[in-house]
Amino acid sequence: EMRNMGVETVQDDGFIFLWVTGRAVELGRELLAIWGYDRVDDIIWVKTNQLQRLIRTGRTGHWINHGKEHCLVGVKGNPKNFNRGLDCDLIVSEVRDTSHKPDEIYGMIERL
(Lines give C-alpha, C1' and ligand atoms only; values in the text may rest on other atoms or scores of the structure.)
Protein backbone atom coordinates (compact mmCIF):
# COMPACT_ATOMS: atom_id res chain seq x y z
CA GLU A 1 0.00 0.00 0.00
CA MET A 2 2.79 2.46 0.88
CA ARG A 3 4.53 1.67 -2.41
CA ASN A 4 1.67 3.34 -4.28
CA MET A 5 1.27 6.52 -2.22
CA GLY A 6 2.78 8.75 -4.90
CA VAL A 7 5.51 10.11 -2.62
CA GLU A 8 7.84 10.35 -5.62
CA THR A 9 5.73 13.25 -6.97
CA VAL A 10 6.11 15.48 -3.88
CA GLN A 11 9.50 16.99 -4.77
CA ASP A 12 12.25 16.84 -7.36
CA ASP A 13 15.10 17.91 -5.06
CA GLY A 14 15.10 17.38 -1.32
CA PHE A 15 15.21 15.11 1.68
CA ILE A 16 12.87 12.58 3.20
CA PHE A 17 12.86 11.21 6.75
CA LEU A 18 11.17 7.85 7.25
CA TRP A 19 10.74 6.23 10.68
CA VAL A 20 10.92 2.45 10.73
CA THR A 21 11.22 -0.20 13.40
CA GLY A 22 14.00 -2.77 13.28
CA ARG A 23 12.19 -5.41 11.28
CA ALA A 24 10.98 -2.87 8.69
CA VAL A 25 14.36 -1.30 7.88
CA GLU A 26 14.70 -3.21 4.62
CA LEU A 27 11.14 -2.30 3.59
CA GLY A 28 11.90 1.34 4.36
CA ARG A 29 15.00 1.25 2.19
CA GLU A 30 12.98 -0.36 -0.60
CA LEU A 31 10.33 2.38 -0.33
CA LEU A 32 12.95 5.12 -0.55
CA ALA A 33 14.28 3.58 -3.77
CA ILE A 34 10.78 3.19 -5.24
CA TRP A 35 10.08 6.85 -4.46
CA GLY A 36 13.33 7.94 -6.13
CA TYR A 37 15.46 8.65 -3.05
CA ASP A 38 18.95 7.44 -2.20
CA ARG A 39 19.36 6.47 1.44
CA VAL A 40 22.23 8.59 2.70
CA ASP A 41 22.05 8.04 6.46
CA ASP A 42 20.16 6.61 9.42
CA ILE A 43 19.30 8.41 12.63
CA ILE A 44 18.94 6.06 15.58
CA TRP A 45 16.62 6.89 18.47
CA VAL A 46 17.67 5.08 21.65
CA LYS A 47 14.60 4.97 23.85
CA THR A 48 14.84 5.74 27.55
CA ASN A 49 12.35 5.75 30.39
CA GLN A 50 11.52 8.60 32.79
CA LEU A 51 14.68 7.85 34.78
CA GLN A 52 16.78 8.14 31.60
CA ARG A 53 17.54 4.41 31.68
CA LEU A 54 17.53 2.36 28.50
CA ILE A 55 14.27 0.67 27.64
CA ARG A 56 14.90 -3.06 27.85
CA THR A 57 11.42 -4.33 27.10
CA GLY A 58 10.40 -2.62 23.87
CA ARG A 59 7.44 -4.01 21.98
CA THR A 60 8.67 -3.73 18.40
CA GLY A 61 11.00 -6.72 18.18
CA HIS A 62 10.25 -10.04 16.53
CA TRP A 63 13.25 -11.98 17.82
CA ILE A 64 14.71 -9.49 20.29
CA ASN A 65 12.87 -6.62 21.96
CA HIS A 66 14.02 -3.35 20.46
CA GLY A 67 15.00 -0.33 22.50
CA LYS A 68 15.56 1.81 19.40
CA GLU A 69 13.98 3.03 16.19
CA HIS A 70 15.55 4.07 12.90
CA CYS A 71 14.83 7.21 10.91
CA LEU A 72 16.05 6.64 7.37
CA VAL A 73 17.34 9.76 5.66
CA GLY A 74 16.96 9.89 1.89
CA VAL A 75 17.97 12.46 -0.70
CA LYS A 76 16.51 13.04 -4.14
CA GLY A 77 17.98 15.16 -6.93
CA ASN A 78 20.36 17.96 -5.98
CA PRO A 79 19.01 19.88 -2.99
CA LYS A 80 20.69 23.21 -2.41
CA ASN A 81 21.52 25.22 0.71
CA PHE A 82 21.77 22.40 3.21
CA ASN A 83 24.27 21.75 6.00
CA ARG A 84 26.25 18.55 6.43
CA GLY A 85 27.72 17.27 9.64
CA LEU A 86 25.98 19.54 12.15
CA ASP A 87 24.34 16.77 14.14
CA CYS A 88 25.07 13.29 15.44
CA ASP A 89 23.15 10.31 14.06
CA LEU A 90 21.98 9.34 17.55
CA ILE A 91 19.11 10.62 19.68
CA VAL A 92 18.81 9.42 23.27
CA SER A 93 15.39 10.45 24.47
CA GLU A 94 12.47 9.44 26.63
CA VAL A 95 9.55 7.47 25.21
CA ARG A 96 6.27 9.33 25.50
CA ASP A 97 2.91 8.44 23.97
CA THR A 98 2.64 5.60 21.49
CA SER A 99 4.13 6.57 18.10
CA HIS A 100 5.26 9.97 19.44
CA LYS A 101 8.75 10.54 18.05
CA PRO A 102 11.40 12.57 19.89
CA ASP A 103 11.23 16.34 19.51
CA GLU A 104 14.98 16.44 18.79
CA ILE A 105 14.35 15.17 15.26
CA TYR A 106 12.66 18.44 14.27
CA GLY A 107 15.71 20.53 15.14
CA MET A 108 17.92 18.11 13.23
CA ILE A 109 15.74 18.41 10.14
CA GLU A 110 15.64 22.22 10.35
CA ARG A 111 19.43 22.47 10.76
CA LEU A 112 20.02 20.23 7.75
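Which residues of helix 2 (residues 104-111) are buried? They are Ile105, Gly107 and Met108. The model discussed here is predicted. Its chain holds 2 helices and 4 strands, which follow one another from the N terminus in the order β-α-β-β-β-α.

**Overall architecture**

- The C-alpha atoms of the chain occupy a box of roughly 40 × 30 × 20 Å along the principal axes.
- Of the 112 residues in the chain, 35% are buried.
- Counting contacts between residues at least 6 apart in sequence, 75% connect residues at least 24 apart.

**Helix 2 and its packing**

- The buried residues of helix 2 are Ile105, Gly107 and Met108.
- Viewed down the helix axis, the buried residues of helix 2 fall within an arc of 160°, so they line one face of the helix.
- As background, an α-helix has 3.6 residues a turn, so residues three or four places apart point the same way.
- The partners against which the buried residues of helix 2 pack are strand 1 (14-20), strand 2, strand 3 (68-76) and strand 4 (90-94).

**Thr48 in strand 2**

- Thr48 belongs to strand 2, which spans residues 38-48.
- Thr48 counts as buried because its relative accessible area is 1%, against a cut-off of under 20%.
- A polar atom of the Thr48 side chain lies 3.2 Å from the backbone nitrogen of Glu94.
- Leaving aside residues up to four places away in sequence, Thr48 touches Arg53, Leu54, Ile55, Val92, Ser93, Glu94 and Val95.

**Arg29 in helix 1**

- Arg29 is located in helix 1, which covers residues 25-34.
- Arg29 counts as partly exposed because its relative accessibility is 30%, a value in the range between the buried limit of 20% and the exposed limit of 50%.
- Beyond residues up to four places away in sequence, Arg29 touches Arg39, Asp42 and Leu72.
- The side chains of Arg29 and Asp42 are joined by a polar contact of 3.2 Å.
- Between Arg29 and Met108, the C-alpha to C-alpha distance is 20 Å, and the two residues are 79 residues apart in sequence.

Definitions and conventions
Residues are numbered from 1 along each chain as its sequence is written. This is a predicted model: local features need pLDDT of at least 70, side-chain atom pairs count only at pLDDT 80 or more; totals for chains, interfaces and linings use all residues. Side-chain values use heavy atoms; hydrogens and water are left out. Buried means under 20% relative accessible area, exposed over 50%, partly exposed in between (1.4 Å probe, protein chains only). Contact means heavy atoms within 4.5 Å. A polar contact is a pair of N or O atoms within 3.5 Å; within protein, one must be able to donate a hydrogen and the other to accept it, and residues adjacent in sequence count only if both atoms are side-chain atoms. The arc is that of the directions from the helix axis to the C-beta atoms.
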